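Here's a quick briefing to read with the structure open beside you.

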There are 2 protein chains.
Amino acid sequence: MRKYSDYNEWYLEVIEKAALSDKRYPIKGMNVWTPYGWKIMSFIDSCIKKELESTDHDEVLFPLLIPETEFRKEKEHIKGFDTEVYWVTHAGLDPLDVKLVIRPTSETAMYPIFSLWIRSHQDLPLKIFQIVNTFRYETKQTRPFIRVREIHFFESHTCHATEEEAQCQIEEDLEILRKIASQLCMPYYLFTRTEWDKFPGAHYTVGIDTVMPNHKILQLGSVHHYRTNFSIPYNITYEDENGEHKYVHQTTYGMSERLIGATISVHGDDKGLCLPPTIAPFQIVIIPIPGKDTKNDVIKKSEEVLLRLQKAKYRVKLDNRNIRPGNKYFDWEIKGVPLRLEIGIRDIDNNVVTFVRRDNGEKGTILLNSLESGIDSVLKEIIKSMDEKAWKFQREAIMSITATNDIPTDTESTKLKIYRFGWCGDSTCGHEFERICNIKILGTPYFPEDYKGKCIICGKETTTPAYAARTM
Amino acid sequence: MRKYSDYNEWYLEVIEKAALSDKRYPIKGMNVWTPYGWKIMSFIDSCIKKELESTDHDEVLFPLLIPETEFRKEKEHIKGFDTEVYWVTHAGLDPLDVKLVIRPTSETAMYPIFSLWIRSHQDLPLKIFQIVNTFRYETKQTRPFIRVREIHFFESHTCHATEEEAQCQIEEDLEILRKIASQLCMPYYLFTRTEWDKFPGAHYTVGIDTVMPNHKILQLGSVHHYRTNFSIPYNITYEDENGEHKYVHQTTYGMSERLIGATISVHGDDKGLCLPPTIAPFQIVIIPIPGKDTKNDVIKKSEEVLLRLQKAKYRVKLDNRNIRPGNKYFDWEIKGVPLRLEIGIRDIDNNVVTFVRRDNGEKGTILLNSLESGIDSVLKEIIKSMDEKAWKFQREAIMSITATNDIPTDTESTKLKIYRFGWCGDSTCGHEFERICNIKILGTPYFPEDYKGKCIICGKETTTPAYAARTM
């Protein structure tokens with residue numbers, strides 16, 4: 001498949017043909033969300049919102065602009081962002097007294113206010129989130145949904161009385177992730193990032209990574225434990241039961257529009273997009289197959305099926321354009337509609353509809369008498385097999401190695417894998433590995449794995465594997 | 001009521017007590033949307049989205065930043081915004097080659113792309129909208145939701161083959177407005193703005209105005225007919241049936257977070273917020289009234305009622321905090337919950353629940369046997385009377401005058417009205433009127449009114465009234 005042999009070109013072509021985004025906007029890396037793409041993103045957002053709200057996160061909206069004075073309070077943090085933020089220096093015709101940063105992420109916007117909101121242990125935990133766009137001045141080559149300068153994302157921020165409670169929040173975040181990912185049929189790995197790769201200001205960072213068709217890694221988002229690294233400079237304290245003032249422990253969690261980039265890449269094929277039913281703008285498309293003298297019957301039956309499925313709350317489209325069915329198949333395959341129903345006179349006579357699955361092309365029939373439950377079980381089957389197929393690919397991308405020369409030095413090698421190897425955990429060995437292999441260590445598995453081996457650099461015995469990969 | 005005698009203070013107090021917004025963010029006029037306020041705004045947004053989608057508008061998202069070069073193409077437009085836009089001049093550590101404007105509205109972001117999207121008459125009409133934040137460097141005194149520098153709003157943009165089709169779009173927009181406003185119980189007037197007050201670049205502007213408790217006017221939004229004023233500089237053309245290239249005719253429509261400011265102001269009272277059921281985060285609050293030895297029964301019945309109402313898809317809250325019922329009443333009245341249910345042992349014995357309406361304090365009972373339909377009709381009754389009451393106030397705010405000295409010169413006068421008077425339509429008379437009275441002409445009624453009178457300045461006979469008011 002071209003998807004595997006020429007992923008970069010294939011990816012851009014799917015986006016253009018399915019009309020997900022328009023990259024002709026006159027600022028590089030800032031693209032227009034066209035209706036179909038934005039609809040998919042909105043379904044992903046709804047799914048995120050539902051999981052966050054059901055775990056007692058409140059939705060808020062903080063201002064986009066951050067005064068330089070607040071931005072500079074946490075030193076590690078600003079160091080990480082110094083070269084990639086946009087600066088507002090003028091308003092109207094006048095220069096501003098205090099320059100403003102366009103949010104690259106909202107810690108420095110939120111935390112001065114958290115210090116006003118939190119007074120006592122009764123105000124904890126504080127759990128909020130927002131779904132907004134964020135801005136980073138990327139200097140690398142941009143790519144729609146994957147590397148852009150205006151990034152659509154969610155960010156949740158929490159404050160807790162103790163480090164342990166913050167740790168429990170991380171576990172909750174990962175459970176939320178599991179639920180969201182299962183709805184997108186999206187496989188992922190969780191790696192605790194290396195010390196030199198963690199988020200600026202974090203105590204530790206867990207990266208959420210997924211494997212692209214070219215075996216490069218796409219980071220979808222991350223979860224961070226901040227301990228008191230931000231609450232100290234932003235003075236976020238609470239009074240505990242004994243009247244003592246303590247700093248809160250904080251976490252954050254975020255994932256971006258890369259979720260849609262990953263959806264395209266993981267599930268798509270050479271026919272185009274392939275959407276999980278959960279986030280498909282249309283889950284079902286009905287194509288009437290009119291024969292000689294049977295047009296009216298076929299249209300009538302198609303409309304009847306449309307109404308029944310709408311009533312059952314499916315997102316369904318009846319395509320009665322005056323073009324050949326084959327052309328309709330083609331269009332809706334590009335758009336990734338999970339299920340196609342074909343209704344011809346023979347179907348009507350047999351009291352069935354014919355279905356074709358987008359994910360694997362499988363064809364079958366559903367009895368009209370049990371249309372709704374039939375559709376329901378096919379859609380569930382689609383979700384299940386898309387999920388299994390995607391996880392299989394991700395698992396098979398991994399290769400255990402014991403020597404650095406198992407990794408091809410050519411950065412665009414078609415033999416690229418995700419590498420698993422022993423690492424003593426020492427940063428000297430880590431840096432040395434990355435330098436020799438020209439590859440990034442993703443980290444160590446967040447959930448410990450059974451492992452026994454030797455550090456790939458120094459040869460010391462270790463029970464922790466590390467993972468490395470080239471990244472998008 | 002303090003609402004009427006001291007509106008400005010009362011307004012800020014309701015916002016603070018109901019926790020709708022936090023204005024302590026360190027940039028003036030950029031406030032934090034706190035959970036309760038944001039939830040109400042989200043319900044308003046959903047209501048807008050529903051009406052726009054059901055009239056075939058597609059949702060999109062255009063970039064926030066606009067290159068100065070695009071921004072400067074329509075000369076009238078830029079003149080109108082020159083003193084109130086934010087400029088991004090640096091990215092990372094470097095100055096930008098082309099400065100970027102943060103969107104004050106999206107004409108200049110969208111129209112270069114429209115010129116790529118539209119090729120032939122088959123691409124028309126193009127109808128899109130987005131719900132985003134927009135930025136204006138306000139120099140006047142800021143006020144939450146009413147005059148802010150980061151403004152949450154929707155903007156719809158349409159392109160049509162002819163001026164007449166664009167005119168039909170304006171009519172559709174006003175019908176959408178009627179539906180949205182009826183859900184918010186929000187009265188409004190439509191005025192065609194004067195030539196000197198129309199939107200920069202517009203052919204004409206219809207202002208959507210509502211009357212505040214102090215009899216000042218709050219503009220909620222506007223509808224604009226652009227004719228070809230933007231399509232010419234942005235070169236948005238289509239090929240018609242005969243192969244001729246023509247410029248499209250455009251309209252826009254937008255309303256802002258002022259809708260929430262107006263909701264607070266129009267419906268609130270000295271007890272706090274009063275929300276229309278359509279946009280209330282909780283439509284119903286259940287307060288158990290436990291007596292001696294009846295606590296368990298009362299709690300059990302309250303939970304039963306909660307479940308039934310949740311099942312019937314109401315947004316309902318059971319308040320079982322361990323404080324006195326009176327304190328609970330107080331809290332939920334501030335929050336504006338439309339309907340309070342009280343459940344005590346006597347209610348249980350009589351097989352009823354007691355209800356109290358937030359809008360007028362009216363008390364009554366609903367039979368438990370017909371709980372859902374009972375609630376439904378009380379909520380409908382609330383919407384109806386909130387709507388009627390609000391329209392009555394708005395109508396009574398109008399005063400017909402024949403002489404300029406009927407208008408008090410004191411800008412904070414408690415005798416202020418919305419003034420209706422004859423105007424010949426000449427801009428010299430208009431300017432003279434505004435100068436003498438220190439008041440703004442809102443315009444002439446968009447839907448013609450039966451009128452016969454004389455121009456308040458020159459005395460010429462006229463069949464068109466104008467309206468004037470002080471504005472927020």
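This is a predicted model: local features need pLDDT of at least 70, side-chain atom pairs count only at pLDDT 80 or more; totals for chains, interfaces and linings use all residues.

In chain A, Pro125(A) sits in the loop that runs between helix 6 (107-117) and strand 7 (126-135).

- Some background first: most peptide bonds are trans, and most residues other than glycine have a negative phi.
- Chain B has a cis bond too, from Leu124(B) to Pro125(B), with omega near -5 degrees.
- Pro125(B) lies in the loop between helix 6 (107-117) and strand 7 (126-135) of chain B.
- Asn235(B) has a positive phi, near 55 degrees, although it's a residue other than glycine.
- You'll find Asn235(B) in the loop between strand 11 (217-227) and strand 12 (237-239) of chain B.
- With 46% relative accessibility, Asn235(B) counts as partly exposed.
- Asn351(B) is another non-glycine residue with a positive phi, here near 60 degrees.
- The loop holding Asn351(B) runs between helix 11 (345-350) and strand 18 (352-357) of chain B.
- Asn351(B) is partly exposed as well, at 30% relative accessibility.

**Helix packing in chain A**

- How do helix 2 (residues 7-17) and helix 8 (residues 258-267) of chain A cross? Their axes come within 10 Å, at an angle of roughly 115 degrees.
- Angles of 65 to 115 degrees count as roughly perpendicular, and helix 2 of chain A and helix 8 of chain A are therefore described that way.
- The crossing of helix 2 and helix 8 of chain A is right-handed.
- On the helix 2 side of chain A, the contact is made by Tyr7(A), Trp10(A), Tyr11(A), Val14(A) and Ile15(A). Helix 8 of chain A brings Gly261(A), Ile264(A) and Ser265(A).
- By type, the residues in this contact between helix 2 and helix 8 of chain A are six nonpolar, two polar and no charged.

**Helix packing in chain B**

- The axes of helix 3 (residues 35-53) and helix 7 (residues 163-184) of chain B also come within 10 Å, crossing at roughly 150 degrees.
- An angle over 145 degrees counts as roughly antiparallel, so that's the label for helix 3 and helix 7 of chain B.
- Here too the crossing, of helix 3 and helix 7 of chain B, is right-handed.
- Helix 3 of chain B puts Ile44(B), Cys47(B), Ile48(B), Glu51(B) and Leu52(B) into the contact. From helix 7 of chain B come Ile176(B), Lys179(B), Ile180(B), Gln183(B) and Leu184(B).
- The contact of helix 3 with helix 7 of chain B splits into seven nonpolar residues, one polar and two charged.

**Helix 12 of chain A**

- How does the span of helix 12 (residues 371-396) of chain A compare with what its 26 residues should give? At 1.5 Å a residue the helix should span 38 Å, and the end C-alpha atoms are 37 Å apart, which agrees.
- Buried residues in helix 12 of chain A include Leu371(A), Ile375(A), Val378(A), Ile382(A), Met386(A) and Ala390(A).

- Ile208(A) belongs to strand 10 (residues 204-211) of chain A and is buried, with a relative accessible area of 0%.
- Leu177(A) is 31 residues from Ile208(A) along the chain, and their C-alpha atoms are separated by 9.1 Å.
- Leaving out residues up to four places away in sequence, Ile208(A) touches, among others, Leu177(A), Tyr188(A), Leu190(A), Leu220(A), Val223(A), Tyr253(A) and Met255(A).
- Ser106(B) sits in the loop between strand 6 (94-102) and helix 6 of chain B, and is buried at 0% relative accessible area.
- Ser106(B) and Ser156(B) are 50 residues apart along the chain, with 9.6 Å between their C-alpha atoms.
- Beyond residues up to four places away in sequence, Ser106(B) touches Gln130(B), Glu155(B) and His157(B).
- Lys99(B) and Lys49(B) are 50 residues apart in sequence and 33 Å apart in space, C-alpha to C-alpha.
- Residues touched by Lys99(B), setting aside those up to four places away in sequence, include Ile66(B), Glu68(B), Trp87(B) and Thr89(B).

Definitions and conventions. Residues are numbered from 1 along each chain as its sequence is written. Chains are lettered from A and ligands numbered from 1 in the order in which they are written. Side-chain values use heavy atoms; hydrogens and water are left out. Axes are lines fitted to C-alpha atoms, for helices over the stretch in contact, and angles run from 0 to 180 degrees between N-to-C directions. Helices (H or I, at least four residues) and strands (E, at least two) are DSSP runs, numbered from the N terminus. Angles under 35 degrees count as roughly parallel, over 145 as roughly antiparallel, 65 to 115 as roughly perpendicular and the rest as oblique. A crossing is left-handed if the near helix is turned anticlockwise from the far one by less than a right angle, and right-handed if clockwise. Contact means heavy atoms within 4.5 Å. Ala, Val, Leu, Ile, Met, Phe, Trp, Tyr, Cys and Pro count as nonpolar, Asp, Glu, Lys and Arg as charged, and the others, Gly among them, as polar. The expected span of a helix is 1.5 Å times one less than its number of residues. Buried means under 20% relative accessible area, exposed over 50%, partly exposed in between (1.4 Å probe, protein chains only).
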